[in-house]
Amino acid sequence: MLRATLKSLLARKLRLMLASLAVLLGISFMSGALVLTDSLGRVFDNLFTSISSGTDVQVQGTSALGADAQAQPVPQAALDAVKKVDGVAEVVGDTGGEGGLVLPNGKLLKKTGPPVLGVSFNAGGLQESLRVKQGKAPVGLDQVAIDLTTARKQHLKIGEQVGITGTGPKRPATITGFVGFDTTNSIAGATLLAFDPPSAQQLFGHPGEYQSLSIAAKPGVTPQDLKQRINAVLPQGTKALTGQEAIDKDSKDLKQGLQFFTVFLVAFAFISVFVGAFLIFNTFAMLVAQRTRELALLRALGASRRQITRSVVLEALLVGVLSSVAGFLAGIGVAIGLRGLLNVIGIELPAGDTVIRTRTFVLCMLVGVGVTVLAALLPARRAARVAPVQAMRESGPAEERSLRRRTVVGGVIGLLGAALLATGLAGGSVSSVGIGAGIVFIGVVVLAPVFAGAVVRVLGAPFAALGVPGALGQANAMRSPRRTTSTAAALMIGLALVAAISTLGASAKKSVTAAVSTSLGADFIVHTEQFSPFSPSVTQALLTQKAFSDVAAFRAGEVKIGGQLTGVQGVNPAALQDVLQLDVLSGDLASLGTNSIALSKKQAKALKTKVGDSLKVTWPTTGEQPLTVGAVYDDNPFAGDYLVSDATYDANVRDKQLIVVALKTASGVSLDASRAAVETALQDYPNLKVQDQAEFVKSQASQIDFLLSIIYALLALSILIAILGIINTLALSVVERTRELGLLRAVGLQRRQLKRMIRVESVIIAVFGAFVGVVVGIGFGYALVSVLHDSGVTDFAVPYLRILVMLGIAALGGVLAAALPARRAAKMDVLAAVSST
Amino acid sequence: MTTTSPPAVRATDLHKSYGKGDTVVAALRGVSIEVPTGQMTAVMGPSGSGKSTLMHCLAGLDTFDGGGIDIGGTSLRGLGDKQLTALRRDRLGFIFQQYNLLPTLTAEENITLPLAIAGKKPDAAWMAQVIEAVGLSDRLQHRPAELSGGQQQRVACARALISRPDVVFADEPTGNLDSRSGAEVLRFLQHSSQEYGQTVVMVTHDPVAASYAERVVFLADGLLVDDMTEPTAEKVLDRMKKLDGLV
Ligand SMILES: Nc1ncnc2c1ncn2[C@@H]1O[C@H](COP(=O)(O)OP(=O)(O)OP(=O)(O)O)[C@@H](O)[C@H]1O
Ligand SMILES: [Mg+2]
């Protein structure tokens with residue numbers, strides 16, 4: 001039987017090719033994702049190891065809020081204490097932050113993606129992995145060294161004057177040299193501005209503070225020993241780790257991020273493979289249908305059912321193995337290509353090996369072969385049911401079986417899913433909503449053949465009205481609802497996801513717009529590109545302008561309230577009223593003094609507190625402090641959950657830096673004048689952005705769009721596979737209907753009419769899939785929006801235009817999918833077709 | 001049927017061979033034939049004598065190597081696929097041995113298919129007449145799968161006639177039918193020739209089928225070897241026996 005299987009495989013290699021291609025594409029996506037993330041993991045491991053190669057012990061800040069909270073800075077006192085410890089050869093304090101570079105032409109270096117980072121640089125000290133590659137190390141506030149990649153890209157020269165910003169105003173500086181690491185000149189495309197440590201402290205608003213201390217041991221002292229000695233003298237709020245522990249910790253954090261990235265990519269690979277499963281199922285189902293007589297003959301000659309099933313499954317197994325291996329190998333190429341692409345678009349990564357783990361291969365084979373064989377099982381069973389007498393019968397087109405059972409099964413599955421979805425919605429559980437939506441979708445796919453006829457009749461009506469080819473195409477599309485649906489199902493999945501995501505995106509945008517118009521009162525807001533901290537001197541600069549009635553500075557920090565890690569904002573309550581449309585429900589904001597706090601209605605309810613109650617608030621350095629509830633306000637996304645006065649904030653937090661300044665124009669001053677005033681005030685702060693409400697909404701919307709476009713790009717592969725599926729079905733149909741096509745040609749259908757007929761069938765299948773997918777997807781989008789209501793997606797919007805575009809793309813996909821099968825049909829010899837048996 | 005009207009079909013010195021080199025098979029070796037308008041002509045001959053080949057060439061379904069073909073005054077020589085297709089659509093009718101109908105269309109839609117393809121409306125009176133003649137008035141909304149083989153073949157006959165073609169070509173139209181259904185189909189073809197002046201060219205193996213025709217031509221080995229008018233089943237059978245003996 002194996003030889004017969006191999007022979008039949010070879011005989012139908014062309015027809016199986018598209019099915020194999022589907023598996024290959026899905027698996028190469030998966031293998032590419034795994035190889036890429038594994039390789040990146042290795043690259044970063046190497047990088048961390050080389051960055052801290054000379055560090056035997058590292059001192060880091062801790063937080064009274066626990067390990068999950070942001071680490072606090074390390075004070076100068078810690079450095080002084082460590083210096084005196086016996087066995088310490090050298091201590092270096094590291095600090096830095098988001099910076100800005102004003103190029104010699106006076107323009108700020110603008111970057112999308114990788115940030116501009118300011119770092120402290122210890123020349124000739126501890127064996128640093130960041131080293132001067134050209135020129136000299138910087139000394140003092142007016143000297144800077146820049147990474148070699150940026151230097152080359154911007155044609156910077158040593159000795160040139162540039163402007164630099166930390167958190168404060170712009171300062172002039174001279175380029176003293178170019179720096180880089182051993183294996184790369186910059187980390188992941190970030191621009192590096194290196195300063196000597198005291199200058200870095202000053203520029204980034206941490207005088208007398210460090211992010212961490214790196215310590216080298218004297219010969220003969222083990223890192224473990226030194227760590228204990230140092231821990232003994234460290235002030236509270238800091239702790240020592242060995243160099244290796246520090247590397248492991250950093251690398252663990254990064255690996256977690258990378259793991260999320262892997263899971264994200266692999267999820268999309270799974271979607272592609274799943275979509276490919278429909279294609280495989282269709283291919284085998286159609287091949288079995290076409291081979292009914294051949295199989296019946298085998299049965300008549302004495303082959304058992306088991307042997308027939310086995311031969312079909314074996315065929316699937318071979319297809320699965322071949323295409324999975326090819327997909328795995330192609331994936332390695334994809335990973336290498338993607339890395340090259342990242343480099344080209346400026347996300348420069350250190351060189352490193354391509355990591356191919358055994359688990360990548362095993363996973364690819366398991367998924368690829370498993371899915372192929374599973375998808376072929378049903379057709380294989382159908383093949384085994386072919387009765388020997390069918391060899392003798394005229395093989396007309398197979399009779400469609402009744403759809404009653406399908407209606408019942410699909411209905412039950414759909415209802416079960418809907419019930420789960422409803423409970424998820426009621427309980428606000430995202431996972432039940434997700435699983436429920438998935439089950440509803442399966443129900444819809446099972447039910448689809450039942451309503452396919454009616455939908456296709458409506459969708460195809462415009463084509464049918466255009467003439468015989470259109471009418472015939474429509475009739476062909478309705479001919480086998482099962483086949484039409486299983487072909488269209490692949491597209492349904494892709495478009496349901498796309499529609500759900502776009503609906504969520506459109507709703508999120510609408511929610512942002514609504515939130516801004518109902519919650520924000522400010523005319524302008526000032527912040528950096530990444531919402532990183534900036535100097536309070538900005539407020540002073542703005543206040544000199546006299547164009548504003550309110551200048552409200554916001555500081556943001558972390559606290560623990562009711563056992564929950566949460567954000568708190570420090571504000572001047574008097575300036576707040578007009579910049580936020582804040583609805584104070586009880587108490588008085590103006591009365592917020594040194595020992596009180598205001599909270600949102602939502603939190604007040606959750607914590608069961610009211611105005612006048614005492615609330616225990618834990619701060620990162622000052623620990624637990626009882627604060628009196630001074631006011632409760634209606635939920636406002638800009639106010640957040642908790643507000644304290646500047647005085648309270650100052651009493652507990654050393655950091656004076658701001659996150660946002662919100663401005664209200666004074667009465668009698670035009671908005672244009674007020675904007676000009678902001679720009680004048682911020683002349684020395686080129687890294688700060690001024691946005692009015694519309695600009696803020698737009699920038700938020702464009703971030704949402706950016707996320708959406710990444711997801712679209714990842715879903716594109718599954719849509720491509722779905723289109724391959726349509727090609728496959730049409731190609732097999734053309735073979736199946738050879739004589740019919742011959743007859744049509746004999747009675748006078750022109751070649752181009754024949755092509756049009758196939759094109760119409762294709763477009764109808766594609767639009768049917770897209771249409772059902774989009775309808776289901778909008779439904780899912782609605783469910784997602786409801787469940788995310790508390791996370792700020794308050795409004796529901798359907799992106800009609802985008803959805804129309806999607807349907808248009810699907811129709812276009814249908815046209816493209818028809819091209820090859822139509823050409824093949826048109827080229828067919830009329831006589832051979834009419835007389836073929 | 002006056003002898004002065006031009007013939008519906010004329011082939012002169014028709015040559016056609018298949019394959020090339022050593023394996024070349026000369027299927028037609030100089031066949032000349034005229035079918036007058038309104039005549040029902042049967043083509044007979046032993047298996048492999050070139051009957052189907054001749055019919056395919058005459059019907060513009062296949063190309064030929066030498067000689068010429070005229071259909072109602074139009075020469076097929078040098079026509080491209082597009083023109084041949086249009087010619088088949090507008091001026092010829094077809095009945096095949098099997099698989100004559102589109103499974104997705106109803107009987108009525110199958111009948112009007114050539115007109116629909118040409119974007120023409122059927123002539124209601126003619127349509128009614130044809131449907132009446134094939135006896136399918138009560139089966140029009142059925143799909144082929146719901147019709148018997150004989151009924152399907154009668155639908156095919158109605159389709160072949162609906163556009164009032166210059167010629168109807170039928171290749172073994174009764175080959176798959178029992179004698180009663182076969183007789184119905186043949187009577188219909190005979191009727192359409194006698195009553196409506198429809199020219200019919202029918203390839204058949206069956207002397208009884210041939211006897212329905214006005215005239216029978218005999219092919220052997222790619223040549224026209226005999227031409228018989230007023231055939232009867234016995235005469236045809238006799239002739240065939242001689243031919244088989246000859247070969
Ligand atoms: N496509 C083809 N390729 C090669 N040779 C062919 C082809 N079609 C027909 N022939 C040959 O041409 C000759 C005539 O064939 P044709 O089909 O016209 O015979 P026929 O009279 O219709 O026979 P039958 O009664 O068996 O149908 C035969 O020798 C046949 O083998
Ligand atoms: Mg023949």
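This is a predicted model: local features need pLDDT of at least 70, side-chain atom pairs count only at pLDDT 80 or more; totals for chains, interfaces and linings use all residues.

Visitor: What's the geometry between the rings of B:Trp126 and B:Tyr196?
Guide: Their centres are 5.0 Å apart and their planes stand at 80°, so the pair is edge-to-face. It also links distant parts of the chain, as B:Trp126 belongs to helix H4 (residues 124-134) of chain B and B:Tyr196 to helix H6 (residues 179-196) of chain B, 70 residues apart.

Visitor: How many aromatic pairs are there over all chains?
Guide: A search of the whole structure gives 12 aromatic pairs over all chains. One of them joins A:Phe274 and A:Phe278, an edge-to-face pair with 5.6 Å from centre to centre and 85° between the planes.

Visitor: Where do A:Phe274 and A:Phe278 sit in the chain?
Guide: Both are in helix H7 (residues 243-290) of chain A, and because they are four residues apart there, about one helical turn separates them. A:Phe274 is partly exposed, with a relative accessible area of 45%, whereas A:Phe278 is buried at 16%. Elsewhere, A:Phe260, A:Phe264 and A:Phe268 are linked into a cluster by ring pairs.

Visitor: Switching to charges, how many salt bridges does a search of the whole structure find?
Guide: The search finds 31 salt bridges over all chains. In one of them, the side chains of A:Glu740 and A:Arg479 meet with an N to O distance of 2.7 Å.

Visitor: Which parts does the A:Glu740 and A:Arg479 pair tie together?
Guide: A:Glu740 is in helix H21 (residues 738-746) of chain A and A:Arg479 in helix H13 (residues 468-479) of chain A, so the pair ties together parts that are 261 residues apart in sequence. A:Glu740 is buried, at 4% relative accessibility, while A:Arg479 is partly exposed, with a relative accessible area of 22%.

Visitor: What about A:Glu736 and A:Arg483?
Guide: Their side chains also meet in a salt bridge, at 2.9 Å from N to O. This pair links helix H20 (residues 693-736) of chain A, which holds A:Glu736, to helix H14 (residues 481-519) of chain A, which holds A:Arg483, the two residues being 253 apart. Here A:Glu736 is partly exposed at 33% relative accessibility, and A:Arg483 is buried, with a relative accessible area of 16%.

Visitor: Now the ligand. Which residues are around ligand 1?
Guide: The residues around ligand 1 include B:Tyr18, B:Val25, B:Pro46, B:Lys51 and B:His205. By class, the shell has four nonpolar, seven polar and one charged residues.

Visitor: Which polar atoms lie by an oxygen atom of ligand 1?
Guide: Among them is a polar side-chain atom of B:Thr53, 2.5 Å from an oxygen atom of ligand 1. A polar backbone atom of B:Gly48 is 2.8 Å from a ligand oxygen, and for an N or O atom in the side chain of B:His205 the distance is 3.1 Å.

Visitor: How much of ligand 1 does the protein bury?
Guide: Ligand 1 taken alone exposes 620 Å², and the protein buries 60% of that. Strand S2 (25-36) and helix H1 (51-58) of chain B are the elements that give two or more residues to the shell, with H1(B) providing the largest share, three residues.

How values were computed: Residues are numbered from 1 along each chain as its sequence is written. Chains are lettered from A and ligands numbered from 1 in the order in which they are written. Side-chain values use heavy atoms; hydrogens and water are left out. A residue is near a molecule or strand if one of its heavy atoms lies within 4 Å of it. A polar contact is a pair of N or O atoms within 3.5 Å; within protein, one must be able to donate a hydrogen and the other to accept it, and residues adjacent in sequence count only if both atoms are side-chain atoms. Accessible areas come from the Shrake-Rupley method with a 1.4 Å probe; for residues, only the protein chains shown count as cover. Ala, Val, Leu, Ile, Met, Phe, Trp, Tyr, Cys and Pro count as nonpolar, Asp, Glu, Lys and Arg as charged, and the others, Gly among them, as polar. A salt bridge is a side-chain nitrogen of Lys or Arg within 4 Å of a carboxyl oxygen of Asp or Glu. Buried means under 20% relative accessible area, exposed over 50%, partly exposed in between (1.4 Å probe, protein chains only). Rings of Phe, Tyr and Trp (its six-membered ring) pair if their centres lie within 6.5 Å; planes under 30 degrees apart count as stacked, over 60 as edge-to-face and the rest as tilted.
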